[in-house]
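The points below are grouped by topic.

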Amino acid sequence: MEDIKHYMQQLGKEARLASRAMARASTHTKNLALLTIANAIRREQAALLQANAVDLENARNNGLEPAMLDRLTLTEKSINTMAEGLEQIASLPDPIGEMSDFKYRPSGIQIGKMRVPLGVIGIIYEARPNVTVDAAGLCLKSGNAAILRGGSEAIACNRALAAIVHEGLAAAGLPQAAVQVVATTDRAAVGELITMKDYVDVIVPRGGKGLIERISNDARIPVIKHLDGNCHVYVDESADLDKALRILENAKTQRLGTCNTAESLLVARSIAPAALPLLADMLISKGVEIRGCAETQALVAAAKPATEEDYYTEYLDAIISVKIVADVDEAIAHINQYSSQHTESIITENYTRAHQFLREVDSSSVMVNASTRFADGFEYGLGAEIGISTDKLHARGPVGLDGLTSLKYVVFGNGETRA
């Protein structure tokens with residue numbers, strides 16, 4: 001334990017020093033590092049797939065569940081997406097040093113705000129090796145230093161990616177300690193990281209509910225988090241059924257193991273007899289088990305009874321809860337009670353109800369006629385995301401560059417003194 005404590009403290013000290021260099025790095029320098037990393041990722045595709053294959057074999061031997069295996073898996077497409085994400089981050093405006101909201105005071109001074117880095121960001125995550133690159137890229141562009149603690153199941157791939165990131169930092173003349181991947185898989189390292197308030201400014205956990213609950217409960221540092229993703233699709237009485245079928249299919253079945261996958265379906269009662277059997281047939285044809293209310297079971301013979309717990313559940317599996325509701329008001333009430341405040345979508349051609357849904361649903365992303373799977377930093381044009389926050393302070397929704405910065409007041413004067 002003393003060795004782990006000393007090791008993590010050393011990482012923290014080095015990260016703090018590196019964060020000062022990152023805060024003053026130019027946009028050109030940061031972009032050079034990002035583009036070098038992107039090119040190296042494409043160049044090392046075969047090596048990354050080989051490292052990922054080692055991780056996958058070990059994970060299967062250790063009985064890792066299917067949803068986690070899905071998150072762990074890299075493909076040529078996902079590797080290219082990582083590189084594209086870095087290129088997109090490089091193309092985005094640099095938020096650091098941006099000044100805004102200036103106003104003159106009667107005293108003659110001019111007051112505004114300047115966007116600045118948070119400092120040192122600790123990211124703790126399971127399975128997904130792409131988080132190593134997304135986190136490194138976003139922290140780098142936003143002028144922060146990062147300490148990355150990936151899961152033991154992805155250690156081979158994370159080490160390969162760390163080497164690539166360090167290549168990019170060196171090419172740009174930036175300190176290697178700006179992005180550090182924790183080398184040990186000892187869980188004691190996590191306990192140290194989340195309590196190093198002298199060196200770490202914010203913690204971002206990404207992974208299962210158990211991990212995030214532990215981090216939230218034990219951290220002595222502010223945490224940006226979401227616990228789970230119980231996302232809803234509501235099919236309104238004025239919905240275009242073809243749109244509803246396409247959107248629900250994508251939202252539920254494109255990938256089962258992601259936090260923006262739909263886990264609950266709500267259908268307006270007036271259209272349920274016509275719409276729900278079609279929606280259910282599509283889901284069943286895709287291998288999805290339906291757990292529904294009594295009205296759902298009356299319309300869908302294959303539906304199993306839903307419990308109260310089903311409406312709260314993020315399945316990460318081929319299961320969906322279904323409830324028939326009276327109208328948009330009941331749909332909103334149901335969502336605000338049972339959802340995890342991640343992402344909800346209404347399928348409707350009614351402008352008024354669409355805007356009511358947008359105003360009244362209390363979630364970090366709310367959509368009209370679109371799949372919940374779009375709730376993602378890359379899809380939102382953020383380049384990537386450090387995670388998704390369902391908190392209301394300090395960031396909400398996919399956390400990109402702006403979410404990794406803070407604001408400070410700046411004051412310009414010309415010799416003014418306070419009376």
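The crossing of helices α14 and α15 is right-handed. The model is predicted, and the angles and distances given here are computed from it.

**Packing of α14 and α15**
- Helix α14 spans residues 328-338 and helix α15 spans residues 351-360; the two pack at an angle of about 20°, with their axes 11 Å apart.
- Because angles under 35 degrees count as roughly parallel, α14 and α15 are roughly parallel to each other.
- On the α14 side, the contact involves V328, D329, I332, I335 and N336, which meet R353, Q356, F357 and E360 of α15.
- Sorted by class, this contact of α14 with α15 comprises four nonpolar, two polar and three charged residues.

**The sheet β1-β2-β16**
- An open sheet is formed by three strands in the order β1-β2-β16, with antiparallel pairing.
- Strands β1 (99-104) and β16 (405-412) stand at the edges; each has a single partner strand, so one side of each lacks a neighbour in the sheet.
- On average, neighbouring strands of this sheet are turned by 25° against each other, direction ignored.
- Strand β2 (residues 110-117) runs antiparallel to β16 and is joined to it by eight bridges.
- Q110 has F412 in β16 as its bridge partner.

- T132 is located in helix α6, which covers residues 130-141.
- With a relative accessible area of 1%, T132 is buried, because the limit for that class is under 20%.
- Leaving aside residues up to four places away in sequence, T132 touches Y125, L148, N158, L161 and V181.

Methods. Residues numbered from 1 in each chain as written. Predicted model: local features only at pLDDT ≥ 70, side-chain atom pairs only at ≥ 80, totals over all residues. Heavy atoms only, no water. Helix = DSSP H or I, 4+ residues; strand = E, 2+ residues; numbered from the N terminus. Buried < 20%, exposed > 50% of the residue type's maximum accessible area, 1.4 Å probe, protein only. Contact = heavy atoms within 4.5 Å. Pairing = 2+ DSSP bridges. Axes fitted to C-alpha atoms, helices over the stretch in contact; angles between N-to-C directions. Parallel < 35°, antiparallel > 145°, perpendicular 65-115°, else oblique. Left-handed = near helix turned anticlockwise from the far one by under 90°. Nonpolar A, V, L, I, M, F, W, Y, C, P; charged D, E, K, R; others polar.
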